Amino acid sequence: MRKLIDKLAKKHSLCRSEYLEIIKNATCADAAYLAALARAEKEKHYGKEVFIRGLIEVSNICKNDCYYCGIRKSNQNCERYRLAEEEILECCNAGYELGFRTFVLQGGEDAYFTDERLCSIVSKIKEAHSDCAVTLSLGERTFESYKRLYDAGADRYLLRHETATKTHYEKLHPENLSWDKRMECLENLRKIGYQVGCGFMVGSPYQSVEMLADELVFIEKFKPDMCGIGPFIPHKDTEFSGFCAGSATLTCMLLSMIRLIHPTVLLPATTALGTVSDDGRERGILSGANVVMPNLSPVSVRKKYMLYDNKLSSGAESAEELDKLKQKLAAIGCTVTANRGDVKR
């Protein structure tokens with residue numbers, strides 16, 4: 001196993017069967033070895049710095065009905081909200097004062113947020129904070145829409161592909177959503193010039209270890225600028241409510257492997273990882289991650305953006321308690337940096 005891991009660290013590439021062998025057979029000692037190599041690789045390119053992104057959840061209204069998602073259209077128990085432009089700009093102003101230099105606007109696919117409205121928001125953020133990056137995570141849109149937002153000043157776009165396996169995608173989404181369309185959107189974002197992020201769930205319903213190997217093959221081929229992975233966590237108001245959550249340990253091992261596959265990738269220690277494990281964020285950073293995304297949304301709406309049960313939004317997940325996050329990361333030898341944290345290419 002160590003020979004395979006060393007091969008990955010040296011060549012940044014393995015074949016599917018080799019990825020599968022590591023996933024299936026790695027011991028705790030092997031995972032620790034992977035993590036040590038991943039940390040060294042991260043530090044080679046980014047030092048011990050961890051980049052912070054201010055997450056603003058702009059709306060939990062969504063036209064889609066993804067089977068795993070707590071804000072899916074058919075969830076009648078979801079208390080809906082939508083932030084006005086002024087509220088979003090206020091979040092950015094508050095975040096800037098706290099030291100954030102990247103703002104992530106995330107939300108469901110809410111038709112209210114037309115190109116005109118979003119372009120206005122993006123351009124005003126950039127006008128007020130020219131030294132900041134704007135990241136959007138607002139789902140599938142047309143090429144023309146993505147281009148308009150990019151021209152308005154958006155720097156990055158996060159669009160989790162959820163799974164690299166088409167048949168698996170179809171088990172997680174209704175018929176009107178297409179894996180091919182999701183892949184087309186990712187390619188369009190890259191063509192336009194965004195820093196592009198994708199990502200997948202670990203331990204989602206019907207996922208096999210072979211599918212996880214396919215995820216790594218996909219990451220190796222696509223080479224995203226950002227890759228957000230986290231354990232699947234069920235939501236009580238979805239048809240997957242009875243499924244078990246994904247493993248923090250497996251997620252951390254996959255983070256290490258992704259860092260070795262693509263050394264300069266921006267790799268978050270996600271909120272989901274912190275939700276399934278009290279020290280999940282720290283474990284993710286020690287496994288090769290270098291991004292965290294504290295919540296900048298108005299406190300009144302944070303518990304309404306409930307993609308999965310018990311989603312964290314307070315404590316060190318809260319932008320207002322950035323000092324607490326800094327202390328936790330300092331305890332594991334890392335420092336929070338206030339710069340934009342662009343990908344190194």
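**Exercise 1. Determine how strand β3 is joined to strand β4, and in which direction the two run.**

Solution. Strand β3 covers residues 102-107, and β4 covers residues 133-137. Strands here are DSSP runs of E with at least two residues, and helices are DSSP runs of H or I with at least four residues, both numbered from the N terminus. The two strands run parallel and are joined by 5 bridges; two strands count as paired if DSSP finds at least two bridges between them. Within this pairing, Leu 105 has Leu 136 in β4 as its bridge partner.

The model is predicted: local features need pLDDT of at least 70, side-chain atom pairs count only at pLDDT 80 or more, and totals for chains, interfaces and linings use all residues. Residues are numbered from 1 along each chain as its sequence is written, and side-chain values use heavy atoms, with hydrogens and water left out.

**Exercise 2. Identify the handedness of the β-α-β crossover from β2 to β3.**

Solution. Begin with the strands: β2 (residues 54-59) has 6 of its 6 residues buried, where buried means under 20% relative accessible area, exposed over 50%, and partly exposed in between (1.4 Å probe, protein chains only). Next, β2 and β3 run parallel and share 5 bridges. Then follow the chain from β2 through helix α4 (residues 85-98) to β3: this crossover is right-handed. By that term is meant that, with the strands pointing away from the viewer, the path from the first strand over the helix to the second runs clockwise.

**Exercise 3. Describe which residues of helix α6 are buried, and what covers them.**

Solution. In α6 (residues 143-152), the buried residues are Ser 145, Tyr 146, Leu 149 and Ala 152. Viewed down the axis of α6, they fall within an arc of 125° and therefore line one face of the helix; the arc is that of the directions from the helix axis to the C-beta atoms. The face turned away from the buried side carries the exposed residues Glu 144 and Asp 151. Elements covering the buried residues include α5 (115-128), β4, β5 (156-158) and α8 (179-192), contact meaning heavy atoms within 4.5 Å. Just after α6, Gly 153 takes a positive phi of about 125°.
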